[in-house]
Amino acid sequence: MESPDPAQIRSSLGLLARYYYFESGCQKEDIMEKLDAFMERHYPRYHPVDWSLSIEKHAARAAKYPLCQCPGIWVTQQELQTISDINHKVLERLAFTLLCLARFRNFRNENNHDWVNDSNAEIYKLACINTTAFEKDLKLSQLRDMGLIAFAKKVDNPSIHVLFLHKESEPVLFIRDFRKLGLEWRLYKGEPYIRCANCGILIKKTSNSKKYCPECAQLSAAQKKYHWDLQHKQRRH
Ligand SMILES: [Zn+2]
């Protein structure tokens, strides 16, 4: 049997942690126990010491991103063109994010018909745009004035109808990670972004040696120190 790829194990741990949190209602300690049991069952050469930090991290983060059984969504050539034609970096990211969210909701519910009803705060967080509440409304209005989106008529319903889905056009870009949609767009446009070697989140490439996001870099350093301390202790005894 081929030895399992650590990156794949980590991705399974992340998915499982979210599953236990969202579907089974487990809290951190229970999740850690279950992940440990999962590793025992599936990996003959599992050493709890090597994985304890990783397991704790996944258990702690389980609540952060909702479980998504959707493997990802396709964006078509015509949609990419429409977004590029906006020719305004921030509005492009916002439009791309809305498009991905509409596709995701269509996947979850076939009667969704290209609607998005996430909060403005959530949309802007995913789009990686930092701005004031006033600017948030303004930017959405700009997209509406371009005919790209429409708002639901009810005042108490914050739904946005995304009007530029071109389902007959050729699927070109597959988006499987919804954590930083704004950065997915920047990567597509050729900006220097890479995926963290541990958790896969997009980060700006600031040097050739950069491999991890800040959180994972910290974890990796802690893991190294832990092993060093362990070896050091063993030698002394
Ligand atoms: Zn990371």
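# Reading burial, helix faces and cores

Mentor: Aspartate 114 is partly exposed, with 19 other C-beta atoms within 10 Å. Please note that the model before us is predicted.

Trainee: Why does aspartate 114 count as partly exposed?

Mentor: A residue is buried if 20 or more other C-beta atoms lie within 10 Å of its own, and exposed if 12 or fewer do. Aspartate 114 has 19, so it is partly exposed. The residue is located in the loop between helix 5 and strand 2. Although it is not a glycine, aspartate 114 has a positive phi of about 70 degrees.

Trainee: Which loop holds cysteine 128, and what is its phi?

Mentor: Cysteine 128 lies in the loop between helix 6 and helix 7. Its phi is positive, about 60 degrees, and this residue is not a glycine either. Cysteine 128 is partly exposed, with 19 other C-beta atoms within 10 Å.

Trainee: Is leucine 126 buried or exposed?

Mentor: Leucine 126 has 23 other C-beta atoms within 10 Å, so it is buried. Its place is in helix 6, residues 120–126. Leaving aside residues up to four places away in sequence, leucine 126 touches Thr97, Phe178, Leu181 and Gly182. In the protein as a whole, 25% of the 237 residues count as buried.

Trainee: How should I read burial along a helix, and which residues of helix 4 are buried?

Mentor: In helix 4, residues 77–86, the buried ones are Glu79, Leu80, Thr82 and Ile83. Seen down the axis of helix 4, they fall within an arc of 160 degrees, so they line one face of the helix. Among the elements covering these residues are strand 1 (73–76), helix 5 (89–108) and strand 5 (171–175). After helix 4 comes asparagine 87, with a positive phi near 60 degrees.

Trainee: Which residues touch the most other members of the largest nonpolar core?

Mentor: A nonpolar core is read as a set of buried residues joined by contacts. The largest one here has 27 residues, and Ala95, Phe96, Leu98, Leu99, Cys100 and Val162 touch the most other members. At least two residues of this core come from each of strand 1, helix 4, helix 5, helix 6, helix 7 (133–145), strand 4 and helix 8 (181–188). Helix 5 gives the largest share, nine residues. A second, separate core of 12 residues includes Tyr21, Trp51, Ile55 and Ala62.

Trainee: Which residues does alanine 95 touch, not counting residues up to four places away in sequence?

Mentor: Alanine 95 touches Ile83, Ile86, Leu143 and Leu148 on that count.

Trainee: In what order do the three strands of the open sheet lie?

Mentor: The order here is 2-4-3, with antiparallel pairing. Strand 2 (115–116) and strand 3 (149–151) are the edge strands, each pairing on one side only. Strand 3 pairs with strand 4 (residues 160–162) over three bridges, in the antiparallel sense. Phenylalanine 151 has isoleucine 160, in strand 4, as its bridge partner.

Trainee: Which domains does the domain assignment give?

Mentor: The assignment gives domain 1 (7–67), domain 2 (73–178) and domain 3 (192–230). Taken over C-alpha atoms, the centres of domain 1 and domain 2 are separated by 32 Å. Overall, the protein has nine helices and seven strands, and its C-alpha trace spans about 75 × 40 × 40 Å along its principal axes.

Technical notes:
Residues numbered from 1 in each chain as written. Predicted model: local features only at pLDDT ≥ 70, side-chain atom pairs only at ≥ 80, totals over all residues. Domains from an automatic or database assignment. Pairing = 2+ DSSP bridges. Helix = DSSP H or I, 4+ residues; strand = E, 2+ residues; numbered from the N terminus. Arc of directions from axis to C-beta. Contact = placed C-beta atoms within 7 Å. Core = buried A, V, L, I, M, F, W, Y, C linked by C-beta atoms within 7 Å.
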